[in-house]
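Reader: I would like to go through this protein and ask what stands behind each label. Please set the values against the cut-offs as we go.

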Amino acid sequence: MSQQKIILASRSPRRVELLAQLGVQCEILPADIDESNLPGEDPALYVQRLASAKALAIAATHGEQGLPILAADTTVALGLDILGKPADASEALDMLSRLSGSVHLVHTAVAVYCAGEVRCLLNTTEVEMMQVPQAVLQDYIASGEPMDKAGAYGIQGRAGAWIVRIAGSYSGVMGLPLHETAQLLHAW
């Protein structure tokens with residue numbers, strides 16, 4: 001897959017870095033879609049729906065370029081509760097307080113649009129977070145780091161020290177599971 005070029009329907013610098021590990025260059029064209037979850041929607045189905053919708057949204061305007069369009073979506077699930085990106089510091093504190101001392105799931109779906117069709121794969125990783133003192137959570141929130149991350153934390157940043165164990169894909173928790181991404185890109 002060396003020097004493959006795609007359109008990335010995301011502005012995530014983490015996804016760009018992860019794609020570079022696969023030798024993939026990307027043109028960045030973020031998709032602007034409604035990311036609201038549907039009432040009672042299963043978190044795994046939610047991320048698959050959004051990843052596919054993002055790929056199709058970019059395909060509608062740039063599909064004629066002939067490049068594969070890759071989109072992804074990540075959410076943190078505590079039971080059936082979907083914990084997306086926090087809207088503000090208060091919501092970030094609520095999310096992190098709920099995740100502190102928990103075992104939760106991180107779902108990341110990757111969708112690739114090419115030749116008129118979308119293929120989507122799901123990665124689910126189980127994450128155990130230690131009990132984190134409120135003062136530490138507040139300091140973390142004040143750093144601004146959790147504000148653009150599902151579940152209000154990034155495993156690749158300061159919050160990585162709170163992760164006791166993961167069962168699954170580290171890159172999936174970061175927002176782009178490399179195994180599934182490589183499978184989809186090799187399909188074309």
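**Labels and their grounds**

Author: Of the 188 residues of the protein, 47% count as buried. The model is a predicted one.

Reader: What makes V47 count as buried?

Author: Buried means under 20% relative accessible area. V47 has 0% relative accessibility, so V47 counts as buried. The residue sits in helix α2, which covers residues 43-62.

Reader: Which residues are in contact with V47, leaving aside neighbours within four places in sequence?

Author: They are D73, T74, T75, H107, T108, A109 and L122. Contact here means heavy atoms within 4.5 Å. L122 is 75 residues from V47 along the chain, and their C-alpha atoms are separated by 8.2 Å.

Reader: Why is D88 called partly exposed?

Author: Partly exposed lies between the two limits, buried being under 20% and exposed over 50%. D88 has a relative accessible area of 38%, so D88 is partly exposed. D88 is found in the loop between β4 (81-83) and α3 (89-99).

Reader: What is the secondary structure of the protein?

Author: There are six helices and seven strands. Along the sequence they follow the pattern β-α-β-α-β-β-α-β-β-α-β-α-α.

Reader: How do you know that the protein is as compact as a globular protein of that length?

Author: The globule rule is 2.2 Å times the number of residues to the power 0.38. For 188 residues the rule gives 16 Å, and the radius of gyration is 16 Å, so the protein is as compact as a globular protein of that length. The C-alpha trace spans about 50 × 35 × 25 Å along its principal axes.

Reader: Which residues have the most contacts inside the largest nonpolar core?

Author: They are L19, L70, L96, Y153 and W162, in a core of 36 residues. Beyond four places in sequence, L19 touches I6, L8, V24, C26, L70, L176, T181 and L185. A second, separate core has 17 residues, including I7, L50, A71 and A111. In soluble globular proteins, nonpolar side chains tend to be buried together.

Reader: What share of the contacts with a separation of 6 or more comes from residues 24 or more positions apart?

Author: Such residues account for 64% of those contacts.

Reader: How many positive and negative side chains are there?

Author: There are 12 positive and 20 negative side chains, and the centres of the two sets lie 4 Å apart.

Definitions and conventions. Residues are numbered from 1 along each chain as its sequence is written. This is a predicted model: local features need pLDDT of at least 70, side-chain atom pairs count only at pLDDT 80 or more; totals for chains, interfaces and linings use all residues. Side-chain values use heavy atoms; hydrogens and water are left out. Helices (H or I, at least four residues) and strands (E, at least two) are DSSP runs, numbered from the N terminus. Buried means under 20% relative accessible area, exposed over 50%, partly exposed in between (1.4 Å probe, protein chains only). Lys and Arg count as positive and Asp and Glu as negative; His and the chain ends are not counted. The place of a charge is taken as NZ of Lys, CZ of Arg, CG of Asp or CD of Glu. A nonpolar core is a set of buried Ala, Val, Leu, Ile, Met, Phe, Trp, Tyr and Cys residues joined through side-chain atoms within 4.5 Å.
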